[in-house]
Amino acid sequence: MGAGHPSEADCRKGVRAVLDGLPAGSLVLAAVSGGTDSLALAGALAAEGAAHDVTVGAIVVDHGLQEESADTAVLAAQQCADLGLAPVAVVQAVITSSGDGLEADAREARYTALAETAAAMGEEHPAHVVLLGHTRDDRAEQVLLGLARGSGARSLAGMADLVVRAGTPFVRPLLHLPRTTTEKACAAWGLVAWEDPMNSDRAYARVRVRQALAALETDLGPGSAEALARSADLLRDDADLLDDLAEQASPDDDPAGIPVTDLADSAPALRSRVWRRLLVRAGAPAGALSAAHVAGCDRLVTDWHGRGPLHLPGDLRVRRAEHRVHIGRTPGGQ
């Protein structure tokens with residue numbers, strides 16, 4: 001498969017950078033939904049696979065959220081096979097309600113299905129990795145959504161190039177490219193993309209943010225998405241440093257409680273991260289912890305007037321007794 005169109009070359013370059021760093025015999029799988037971005041990713045992986053000593057395949061995830069989802073998955077799998085990817089697996093994502101909304105539940109189900117399938121398929125390989133087709137537009141949309149929600153630096157840092165879930169590395173090789181590039185690459189490769197009707201349903205925050213970003217590009221001029229993505233890169237460096245410092249500053253668990261001085265002596269930006277680590281370590285679901293929860297805990301250190309215990313997600317109780325803070329699941333917080 002040649003790279004006659006510049007968009008093909010751009011997609012292939014991102015994938016090539018991932019393949020170059022893998023040991024021989026590795027299994028590399030494209031996560032495919034049937035949409036433009038994931039099909040362009042599949043095309044780039046197929047085009048680059050022959051030049052590397054790796055096995056390249058695909059996992060097509062069917063969420064079962066639309067009547068035609070099974071047919072869409074079959075079509076996507078056939079296109080992946082036609083590209084030369086093998087093995088190709090079609091898996092059903094089992095969505096369970098967590099109270100965080102359909103989008104979050106579907107995303108969690110998708111990661112679970114991908115990680116489990118990749119691990120099973122990669123048993124005979126020295127390493128396995130799953131490629132995700134997110135683009136620069138996806139990163140910009142996430143940053144804009146974080147701004148609207150008043151999120152902190154970690155959320156505003158947007159999508160990472162690499163995340164590990166259930167022992168499976170997930171890499172986003174197209175994160176530096178605009179969505180227009182994947183659209184042109186699909187057209188050049190003759191791939192037929194499926195348009196998810198949820199992508200135009202304003203009931204979902206992601207759709208409203210995408211439309212708001214398009215309006216910014218119109219009102220402020222081209223480059224808004226690129227600027228947001230660049231800001232995310234800068235914030236990620238800051239967030240990484242603060243997270244490293246927070247890990248070093250986090251006190252060990254102590255049955256007698258954490259001395260207030262162990263927390264009060266830290267700068268506010270660092271202390272909030274220490275609090276989050278302590279709460280997650282004690283059993284609070286990370287996705288359910290809000291800035292308001294962390295701020296409430298912090299007032300136990302900075303503005304305490306003998307108030308009762310705080311009730312946090314994960315059935316945690318956080319209270320202060322004299323000069324120590326107690327975090328636990330019992331009513332007394334111990």
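What percentage of the 334 residues in the protein chain do buried residues make up? Buried residues account for 45% of the chain, where buried denotes under 20% relative accessible area, exposed over 50%, and partly exposed the range in between (1.4 Å probe, protein chains only). The model is predicted: local features need pLDDT of at least 70, side-chain atom pairs count only at pLDDT 80 or more, and totals for chains, interfaces and linings use all residues. Residues are numbered from 1 along each chain as its sequence is written, and side-chain values use heavy atoms, with hydrogens and water left out.

The secondary structure of the protein chain comprises 12 helices and 10 strands; these are DSSP runs numbered from the N terminus, with helices (H or I) of at least four residues and strands (E) of at least two. Along the principal axes, the C-alpha atoms of the protein chain fill a box of roughly 70 × 50 × 40 Å.

The largest nonpolar core contains 34 residues, a nonpolar core being a set of buried Ala, Val, Leu, Ile, Met, Phe, Trp, Tyr and Cys residues joined through side-chain atoms within 4.5 Å. Those with the most contacts inside this core are Cys 11, Val 28, Val 32, Leu 45, Leu 85 and Leu 131. Two or more residues are contributed to the core by each of α1 (6-19), β1 (27-32), α2 (36-49), β2 (55-62), α3 (69-83), β4 (128-131) and α7 (179-189). Helix α2 supplies the largest share, eight residues. Val 32 is located in strand β1 and counts as buried because its relative accessibility is 2%. The C-alpha atoms of Val 32 and Ile 59 are separated by 6.0 Å, although these residues are 27 residues apart along the chain.

Charged pairs were examined next. Side chains of opposite charge can pair when their charged atoms come close. A search of the whole structure finds 16 salt bridges, each defined as a side-chain nitrogen of Lys or Arg within 4 Å of a carboxyl oxygen of Asp or Glu. In one of them, the side chains of Glu 48 and Arg 16 meet at 3.1 Å, N to O. This pair links distant parts of the chain, with Glu 48 in helix α2 and Arg 16 in helix α1, 32 residues apart. Glu 48 is buried at 2% relative accessibility, whereas Arg 16 is partly exposed at 31%.

Arg 139 forms a salt bridge with Asp 161 (3.9 Å, N to O). Here Arg 139 lies in helix α5 and Asp 161 in the loop between α6 (153-156) and β5 (162-165), 22 residues apart. With 5% relative accessibility, Arg 139 counts as buried, while Asp 161, at 44%, is partly exposed. A salt bridge also joins Arg 139 to Asp 233 (2.7 Å, N to O). Asp 233 lies in helix α9 (residues 224-249) and Arg 139 in helix α5, so this pair ties together parts 94 residues apart in sequence. Asp 233 is partly exposed, with 33% relative accessibility. Separately, a network of salt bridges links Asp 37, Asp 138, Glu 141, Arg 179 and Arg 210.

Arg 149 lies in helix α5 (residues 136-149) and is exposed, as its relative accessible area is 58%.
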